[in-house]
Structures are given as C-alpha cells and as structure tokens.
Amino acid sequence: MSDYSKYSFWLETCGDNLAARPALTKSIEVDVAILGGGYTGLWTAYYLLRGRPDLRVAVLEKEIVGFGASGRNGGWCSSKFPVTPAMLAHRYGTESARALMLAMAEAVDEVARVCEEEKIEAGFLKGGMLTLARGEHHVPMIRSSFAAYERLGLGQHYQLLTAEQALERIRVANIHGALFASENASIHPARLVRGLARAVETRGGVIYEQTPVLSFEGGANPRFLTAAGEIRAKDAIVLAGESYLTQFSKLHRVVLPVYSLITLTEPLTAAQWSQIGWQNRESLASCNYTVDYLTRTADGRILFGSRGAPYHFGSKISDDQDRHAQTHARIQSLLLEWFPLLRGIKFTHSWGGPVGMPRDWMPMANFVASNKIATARGYTGQGVSTTNLMGRILAELISGRRSSLSQLPPAGRRSPNWEREPLRWMAVRYMQQAFARIDDAGKQGRRPFDAGVAEFLGRH
Ligand SMILES: Cc1cc2nc3c(=O)[nH]c(=O)nc-3n(C[C@H](O)[C@H](O)[C@H](O)COP(=O)(O)OP(=O)(O)OC[C@H]3O[C@@H](n4cnc5c(N)ncnc54)[C@H](O)[C@@H]3O)c2cc1C
C-alpha cells in the first residue's frame, strides 16, 4: 500500500492514519455514482444527500480521499475566480458577472458553515487576501482589478492599499501597494476533504477507495466499470476527477494538467514573525504571470507555491512530476527574495500536483439529461471554494430542484477542447516560457518583445 502521507504536508498532518477504506468488490446499483474523492465529488455527494437523505450515493476513488489536488493545495479558500471579473463581465454581462462573484463570496462562508455544522476541524480562518504589487509595473494591475470590482458594484469587499499601508500588515521586500480582498480564508486542505468524506458517510453515502474507474458509459443506464465489477447508476454518473479526467482517452483534451508546486519552511521563530508581521494570516499573492501563492500556516510556517514546472507531452500525469528540482529551487529562492531576513531558513517539505486548466479558463458544471452524465471541472488552481459552488450546482442539476445557482455562467456549459499534440505541447511550453520572461523582465522595468502576443494568447 502506498504511503499517502508523502504526497503533501497536509496529508501528513491531517490527523488520520490514511488507511484506505474498503474497495468495491462486486457489481452494485445506486442512484448516483461519483468518480473522484476530492472536493468536487464530495461536495456533490454532500448536497445531494442533504436534499434527499434516502438517495443511494457512492463515491469511487482510485487512491484515497484527498489524494488529488484537494489534499495538496495551498490552503486558500477564496472568492477569487479563475476568470477575472473584467473578463467575466465582457463574456457574460455585468449582472451575471456580479451574481457569480457574489456566489463565490458566499461559497467561502458556506465552507465555514458546513465545517461548523459537520464538526470538520479544517482550521478555517477568514483573514482576507493581499495581492501585492511587487514592482512599479504591478501597480496598474492592482488598480485595474480594483476598478473592475467597483464596476460590478463590489468595491466594498476590496481596498487598495498604499505601500506604507501594505507594509503595516506584512514586511515583504519591494512592495509598491496592494489590493486587499476581504472574502478569503485559509484552511487545512486535507482536513477539509477528509472531514467532508466523513460527513458524506454520516449522511449515508458510501465511499470506495483504491477503486479506479477503468471506463464509463452514459445512456439510460449509465455506469462505471472497475476491476471488481460495474457500478450502475439510476439517476446519474458524475465525473469529478479534475485534471485526472484527461487520462481517459475520450476526455483527453477537456482540460490541461498543469503542475503547481509548493515548498514549505520550518516553523518561524516568534522573533522572525514579529519582524515579518502578517498577523492576520492573509493569503498572499503577487501579480506575476507565473503565479505566486503564499499562506502562513497555523503552525507558523510559510507555504510558497508557484506554477512553472514544465507541461509534459500528451498531458502526462505521474507521481514523479510532483517534484521538480529546478522549479522547487526557484520557489525557494523566490521566498528569500520576498523575505530576505529568512536567509538560512530550512525548507522541510516540497510537493506538487496537477491543476485542470480548461481551454477558455472557465470552470463548468453540467448534467446532460440524455446520457445522465454530470461533470464539474476546470478550476485552474482555484478550486477550494469554487468546488463548493459547483457541487451545489451539480446537485441541483441532477436532482432537478433548481435555484438561481443553476443560472450562473458555469452551469450547463462546456469548454472547448485543447488542441491536439504536438501543437498543444509547443503552445503551452511557449506560453510557460513567455510568462516567465515577462515576470523576469518586469523586475528590470522591461517588457519582452513578444509580451503582447503571449498576453493575447493567454486570454484566448
Ligand atoms: C499544488 C496545488 C495548489 C493549489 N492551491 C490552491 C489554493 O490555494 N486555493 C484553491 O482554491 N485551489 C488550489 N488548488 C486547486 C484545488 O486544489 C483544486 O481545484 C480542487 O482541489 C479540485 O478538486 P477536485 O475534487 O475537482 O479534484 P481532485 O482533488 O484532484 O480530485 C479528483 C480525484 O479523482 C480521483 N480519480 C482520478 N481518476 C480516477 C479514476 N479513474 N477512478 C477513480 N478515481 C479517480 C483522484 O485520485 C482524485 O482524488 C491547488 C491545486 C494544486 C495541485
């Protein structure tokens, strides 16, 4: 049996012994069968069972609950959405964009509410989020984000901070200002996903672990096929495997598995914390295209995550891609660039995992009544709260008890497929390198000659 604690600091410290639940041993029939024991699958199961306690719901997980991104992420539970508010307004109109942003803010509180009700000790702490302008070139970016929120009438959740105001909260090198967002919390990701699984079981759901789904079929009698037999579902099968869905040939191009990598320091001393500040434990980011996300953990460490590990030809996913020496070394040197006084600090953990990026960056939650297949996916590394919203939407679509949530832009839509290889590999590698060059050049006040092209492609 695999040692699942090695996959992340969070799985290691979630308080469970990580022994797998029993696998499926024979063919069965249920009302709803769900592939994936991550947040998407479990939130969907949870809300289905809340709505109808007599429903027969089964979750099939190829490893253990929390094996995927849900047990490995950066711990931000945020109202931030993978598509910017300006782009949402451009694509769907102001009203729909506003409704979606409000639903995202509400999802953050809903996660807290369920944790409270189900006694899930996920360390939920609503400290807000700071997007730092690290360099003069980032200042217009935070200003235009703030303006976009204001245009949606959401300015009250955001605040532009001067460099001095930002430094009062946190001492990071080279701050030129910040955007504070109040609707953001940090959580212990693995405790959330593992606690959610127990809540699903308490409400009558059954979770089979170490049960890979080998194939699936929709239709009047949809089903999953496993090595031990098939699981037939009366109402729906749900594909909640996020980036791993690409490993099915028929879903190979629905998202792009992009690795996000994390490094973690040892706990800082009280003296180091008093120099750094960061007393409210806000989630932290910069405006870099290569993405920086930071969390101050409950036990006083700094978690620093970033993208940039190379995309692998054919959307390959494997354990050996969870660690990438060059990218992890870059993240560690970035951390010292942010916090120069931490020179000499020890890094105790490094890990990573794939996030699912849709071709149009837009998450989706849909249920096709004609083949009884439901799916929610495409969170591009912003799924902790988004999965809660998508789980509620899927539960509504499957049960037919619709509310205004089922009118939100992600409901009932489909993202286009990614290009075929080798075009996909060439384009993604180009974008990854171009974004890294834009970030590096920005530090010296320059822009690479192809920055405009890369930015255009990044939006399309
Ligand atoms: C390193 C990292 C950092 C991140 N940081 C953040 C963050 O700070 N904030 C944020 O909002 N989001 C973050 N994310 C993204 C977020 O974690 C995900 O969007 C979210 O967890 C997706 O949940 P999910 O249930 O859809 O997918 P997953 O958690 O990946 O779950 C899918 C599950 O399906 C199972 N599975 C796959 N194939 C099969 C099969 N054939 N049969 C049975 N089971 C199968 C997998 O084992 C897995 O457990 C991060 C992601 C990563 C990788």
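A polar contact here is a pair of N or O atoms within 3.5 Å; within protein, one atom must be able to donate a hydrogen and the other to accept it, and residues adjacent in sequence count only if both atoms are side-chain atoms. Hello everyone, and let's keep that in mind for the ligand.

Two housekeeping sentences before we go in. This is a predicted model, where local features need pLDDT of at least 70 and side-chain atom pairs count only at pLDDT 80 or more, while totals for chains, interfaces and linings use all residues. Residues are numbered from 1 along each chain as its sequence is written, and side-chain values use heavy atoms, with hydrogens and water left out.

Serine 70 brings a polar side-chain atom to 2.5 Å from an oxygen of the ligand, and for asparagine 73 the corresponding side-chain distance is 3.3 Å. Taken alone, the ligand exposes 1000 Å², and the protein buries 97% of that; accessible areas come from the Shrake-Rupley method with a 1.4 Å probe, and for residues only the protein chains shown count as cover.

What contributes to the shell? Helix H2 (39-51), strand E12 (256-265) and strand E16 (347-357) are the elements that give two or more residues to it. E16 gives the most, with 3 residues. Helices (H or I, at least four residues) and strands (E, at least two) are DSSP runs, numbered from the N terminus. In total, 38 residues surround the ligand, the closest being Thr40, Glu61, Ser70, Val213 and Val384; a residue is near a molecule if one of its heavy atoms lies within 4 Å of it. By class, that shell has 17 nonpolar, 17 polar and 4 charged residues. For the classes, Ala, Val, Leu, Ile, Met, Phe, Trp, Tyr, Cys and Pro count as nonpolar, Asp, Glu, Lys and Arg as charged, and the others, Gly among them, as polar.

Staying with E12 for a moment: is threonine 265 buried or exposed? Threonine 265 is found in that strand, and it counts as buried because its relative accessibility is 0%. Buried means under 20% relative accessible area, exposed over 50%, and partly exposed in between (1.4 Å probe, protein chains only). A polar atom of the threonine 265 side chain lies 3.0 Å from the backbone nitrogen of isoleucine 302.

Now to salt bridges, meaning a side-chain nitrogen of Lys or Arg within 4 Å of a carboxyl oxygen of Asp or Glu. How many does a search of the whole structure find? There are 29. One of them joins glutamate 106 and arginine 392, with closest N and O atoms 3.3 Å apart. Glutamate 106 is in helix H4 (residues 94-117) and arginine 392 in helix H10 (residues 386-399), so this pair ties together parts that are 286 residues apart in sequence.

Another pair is lysine 443 with glutamate 337, at 3.7 Å from N to O. Lysine 443 belongs to helix H11 and glutamate 337 to helix H9 (residues 325-338), which puts them 106 residues apart. Lysine 443 is partly exposed at 47%, and glutamate 337 is partly exposed at 34%. Salt bridges with shared partners also join Arg50, Glu110, Arg113, Glu117, Glu118 and Arg203 into one network.

With Phe313, Trp425 and Met426, Leu423 forms a nonpolar patch of about 400 Å² accessible area together. Patches are made of residues with over 30% relative accessible area and no salt bridge, joining like charges within 9 Å and nonpolar side chains (Val, Leu, Ile, Met, Phe, Trp, Tyr) within 5 Å.

Last, some backbone geometry. The peptide bond from glutamate 421 to proline 422 is cis, with omega near 5°, and proline 422 is in the loop between H10 and H11. Threonine 380 has a positive phi, near 45°, in a residue other than glycine. Threonine 380 sits in the loop between strand E18 (373-377) and H10, and is buried at 9%.
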